[in-house]
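The text below goes with a sequence and a model. It starts at the ligand and then moves out to the fold, the core, some loops and the confidence scores.

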Amino acid sequence: MALQGYGVSAVTNTAAVGDEWNNGKEKIHESDIKGLDYLKLVIMESLRLHPPLPLLLSRECRENCEIAGYNIPVKTKVIINLWKIAHDPDYWTDPESFMPERFIKSSVNMMGQDFEYFPFGSGRRMCPGMTLGLANVEIALVMLLYHFNWELPNGARSEDLDMKDVFGASLKRKNPLLLVPSLYKPQD
Ligand code: HEM
């Protein structure tokens, strides 16, 4: 199944890397995680830090309701800031850090039931193209990683990479990503 590994099943029986994401209960090395499982964690973490549709589709309130002490009248347009939720330190340890391992042993997945992480939205208007979208990201990444080695130009380090986003209906990089590929020839 296409969603296997996206916090749904495949990696959930693996022990956690590091302490803080698993309350220090178990500790393993990154090398213990198989390549494609790790790639899925990388995709999950990328969608957390840089959700392509950061404000989802707007909703309209069908009845008066009260949320966290605020009265929300019927017909109110509600915009959900998914980006903000996915960067919220109340829900994420060290939220600005790129840590794919945080999803190991976590019960959080992309199915729209976990309201700290729902890059494809939730409910009736949830993205119908989720599996196709994920498959496309996966296949492109796998091909690029299999056939090329990748380096930053001019000896730059990964810490120097500018990962700032520009907001809009869809999220984009503020500055283009510049990488230098070289052909990788696997031994026969
Ligand atoms: C990684 C890729 C993708 C991401 C992150 C993504 C994300 C989203 C999000 C967040 C929404 C709004 C959901 C909500 O408000 O609850 C949405 C809606 C939608 N997406 Fe995607 N999407 C992706 C790929 C695709 C693909 C490949 C298709 C079609 C082939 C697609 C078709 C749609 C459509 C038609 C809607 C509107 C659904 C509605 O209004 O009921 N998406 N998507």
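Of the 17 residues around the ligand, which come nearest? They are L56, G121, C127, G129 and G133, where a residue is near a molecule if its C-beta atom, placed from the backbone, lies within 6 Å of it. This is a predicted model, in which local features need pLDDT of at least 70 and side-chain atom pairs count only at pLDDT 80 or more, while totals for chains, interfaces and linings use all residues. Residues are numbered from 1 along each chain as its sequence is written.

The shell around the ligand divides into 12 nonpolar, 4 polar and 1 charged residues. In this division Ala, Val, Leu, Ile, Met, Phe, Trp, Tyr, Cys and Pro count as nonpolar, Asp, Glu, Lys and Arg as charged, and the others, Gly among them, as polar. The element that gives the most to this shell is α3, with 3 residues.

The elements named here belong to a chain with 3 helices and 8 strands. Helices (H or I, at least four residues) and strands (E, at least two) are DSSP runs, numbered from the N terminus. Along the sequence their pattern is α-β-β-β-β-α-α-β-β-β-β. The chain has 188 residues, of which 17% count as buried. A residue is buried if 20 or more other C-beta atoms lie within 10 Å of its own, exposed if 12 or fewer, and partly exposed in between, with C-beta atoms placed from the backbone. Among contacts between residues at least 6 apart in sequence, 62% join residues at least 24 apart; two residues are in contact if their C-beta atoms, placed from the backbone, lie within 7 Å.

C127 has its place in the loop between α2 and α3. UniProt, in an unreviewed entry, puts the feature "binding site" at C127; UniProt positions are given in the numbering used here, feature names are shortened, and annotations may be inferred rather than shown by experiment. C127 is partly exposed because 19 other C-beta atoms lie within 10 Å. Its contacts, leaving aside neighbours within four places in sequence, are with F120, G121 and G133. The loop between α2 (82-86) and α3 (130-147) also holds G123. G123 is exposed, since it has 10 other C-beta atoms within 10 Å.

L56 is in the loop between α1 and β1 (59-60). With 22 other C-beta atoms within 10 Å, L56 is buried. Its phi is positive, about 50 degrees, although L56 is not a glycine. Most residues other than glycine have a negative phi. N154 is another non-glycine residue with a positive phi, near 55 degrees. N154 is found in the loop between β5 (148-151) and β6 (165-166), and counts as exposed because it has 8 C-beta neighbours inside 10 Å.

Next comes the nonpolar core. In soluble globular proteins, nonpolar side chains tend to be buried together. A nonpolar core is a set of buried Ala, Val, Leu, Ile, Met, Phe, Trp, Tyr and Cys residues joined through C-beta atoms within 7 Å. The largest one has 18 residues, and L41, M44, L82 and F118 touch the most other members. Two or more residues of this core come from each of α1 (35-49) and α2. It is α1 that gives the most, with 5 residues.

Two further loop positions remain. N64 lies in the loop between β1 and β2 (65-67) and is exposed, with 11 other C-beta atoms within 10 Å. Beyond neighbours within four places in sequence, N64 is in contact with I72, P73 and V74. M163 lies in the loop between β5 and β6 and is partly exposed, with 13 other C-beta atoms within 10 Å.

How far can the model be read? Its mean pLDDT is 86, and 85% of the residues reach 70 or more, pLDDT being the predictor's confidence in each residue, from 0 to 100. Over residues 9-26 the pLDDT is below 50, and this stretch has 34 contacts in the model beyond near neighbours in sequence. Where pLDDT is low, the predicted coordinates should not be read in detail. The model scores ipTM 0.99 and pTM 0.86.
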